[in-house]
Amino acid sequence: MNKCTNKEVAFFGKITAGITHEMKNVLAIIRESSGLMGDIISISPEAIVKHQEKIQNSMVRIKDQIERGIGLTDRLNKFAHSTDETLSKIDLREAIEQLVTLAQRFARLKHVVLKTMTPDHEGPPVTLVTRHVQLQMALFASLECCFTVLSAGGEINVGIRKLEGKNVVNVVCKGDLPGQSEFVRNISESENWPALQEIAACLEGSAKLDETAHGIVLSFPDEIRR
Amino acid sequence: MENLKILLVDDEEEFVTTLAERLELRGLQARAALNGEDALHMIEADTPQIVILDVMMPGLGGFEVLRRIKAQHPQIPVILLTGRGSEKEGVKGMELGAFDYLMKPLDIEELIKKMQEAIKSHP
């Protein structure tokens with residue numbers, strides 16, 4: 001197995017572990033909620049009336065968690081299918097939304113808010129032909145770089161734009177941040193930075209620091225050479 | 001076990017509050033904390049007889065909370081909850097002083113059995 005494949009496997013493992021951990025929480029809530037209803041029903045008919053509100057709340061919780069579980073499995077399924085083709089035409093906005101959803105757990109564990117800056121959903125799609133798996137790896141590596149400089153309560157905003165024929169992704173950190181030079185040093189010395197450089201190069205793109213905006217600028221061509 | 005004072009610590013609010021309700025229906029006194037910092041404050045304010053602690057939490061992680069509980073209150077048994085498929089986390093927790101561990105989604109009867117064992121071994 002080559003070095004690149006090893007990294008892809010590690011990335012898949014990390015994302016899958018995060019999502020399945022969330023799924024376990026979904027199932028745990030469903031189990032406790034259905035268990036609570038079962039507990040009440042087994043006490044007595046009077047208990048059902050007495051604890052009617054608990055039963056209703058449990059039913060709402062189960063319904064909500066089923067929706068949460070459907071959302072997670074949809075994302076995980078799309079993620080798994082990103083390996084179907086080596087090169088594919090990708091809607092960059094959709095790819096970012098997908099990755100941001102998959103990475104929510106990692107952000108939450110760092111007490112960081114992670115969101116997209118793509119309010120213009122009606123605009124034309126930004127598409128590119130590239131390696132989907134490596135594109136996701138690049139996006140995730142940029143988030144991991146940001147996690148190293150952000151403290152609790154921070155925020156990461158991910159946005160896209162077309163610039164001089166390139167597809168640009170801006171990953172911007174907000175919150176209680178170090179000064180510009182320290183920001184650059186902390187990110188460039190983090191273990192994820194060289195990995196991000198390597199993946200971006202594989203995609204014939206680039207990853208640069210924007211110390212003024214406290215962010216990372218990823219740039220990808222419309223189509224990579226086959 | 002009646003009136004046993006339990007502190008449940010997990011950042012999944014709906015999980016921890018529902019579990020607390022189920023334990024209360026069984027005559028136990030269960031309180032819930034949604035993070036490690038709150039849990040440590042609650043332990044100082046009203047020491048529980050047992051702590052059920054999730055390993056993976058934002059902020060102060062489960063292992064760090066366990067370490068601090070064991071440093072200040074070695075007599076309190078701690079049962080860990082882990083969402084990982086392997087036993088690695090649970091084993092690590094026991095090395096740090098946890099009484100035992102359970103995997104999520106958990107079985108309440110198994111939890112109660114483990115709590116009984118823990119209380120017997122920490123008279």
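## Contact between chains A and B

In this predicted model, the contact draws 18 residues from chain A and 16 residues from chain B.

## Helix packing in chain A

Helix α4 (residues 92-102) of chain A packs on helix α6 (residues 132-149) of chain A. Their axes lie 10 Å apart, and the angle is about 55°. Angles from 65 to 115 degrees would count as roughly perpendicular, and those under 35 as roughly parallel. The pair α4(A) and α6(A) is therefore oblique. The crossing of α4(A) and α6(A) is right-handed.

From α4(A), the contact uses A95(A), I96(A) and L99(A). They meet L135(A), Q136(A), L139(A) and F140(A) of α6(A). By class, this contact of α4(A) with α6(A) has six nonpolar residues and one polar residue, with no charged ones.

## Helix packing in chain B

In chain B, helix α2 (residues 36-45) and helix α3 (residues 62-72) cross at roughly 15°. Their axes come within 10 Å. Angles under 35 degrees count as roughly parallel, and α2(B) and α3(B) are therefore roughly parallel to each other. The crossing of α2(B) and α3(B) is right-handed.

On the α2(B) side, the contact is made by G36(B), A39(B), L40(B) and I43(B). On the α3(B) side, E64(B), V65(B), R68(B) and I69(B) take part. The contact of α2(B) with α3(B) divides into five nonpolar, two charged and one polar.

## E95 of chain B

Where does E95(B) sit? It is found in helix α4 (residues 88-95) of chain B. Is E95(B) buried or exposed? Its count is 9 other C-beta atoms within 10 Å. A residue with 12 or fewer counts as exposed, so E95(B) is exposed.

E110(B) is 15 residues away from E95(B) along the chain.

Key
Residues are numbered from 1 along each chain as its sequence is written. Chains are lettered from A and ligands numbered from 1 in the order in which they are written. This is a predicted model: local features need pLDDT of at least 70, side-chain atom pairs count only at pLDDT 80 or more; totals for chains, interfaces and linings use all residues. Axes are lines fitted to C-alpha atoms, for helices over the stretch in contact, and angles run from 0 to 180 degrees between N-to-C directions. Helices (H or I, at least four residues) and strands (E, at least two) are DSSP runs, numbered from the N terminus. Angles under 35 degrees count as roughly parallel, over 145 as roughly antiparallel, 65 to 115 as roughly perpendicular and the rest as oblique. A crossing is left-handed if the near helix is turned anticlockwise from the far one by less than a right angle, and right-handed if clockwise. Two residues are in contact if their C-beta atoms, placed from the backbone, lie within 7 Å. Ala, Val, Leu, Ile, Met, Phe, Trp, Tyr, Cys and Pro count as nonpolar, Asp, Glu, Lys and Arg as charged, and the others, Gly among them, as polar. A residue is buried if 20 or more other C-beta atoms lie within 10 Å of its own, exposed if 12 or fewer, and partly exposed in between; C-beta atoms are placed from the backbone.
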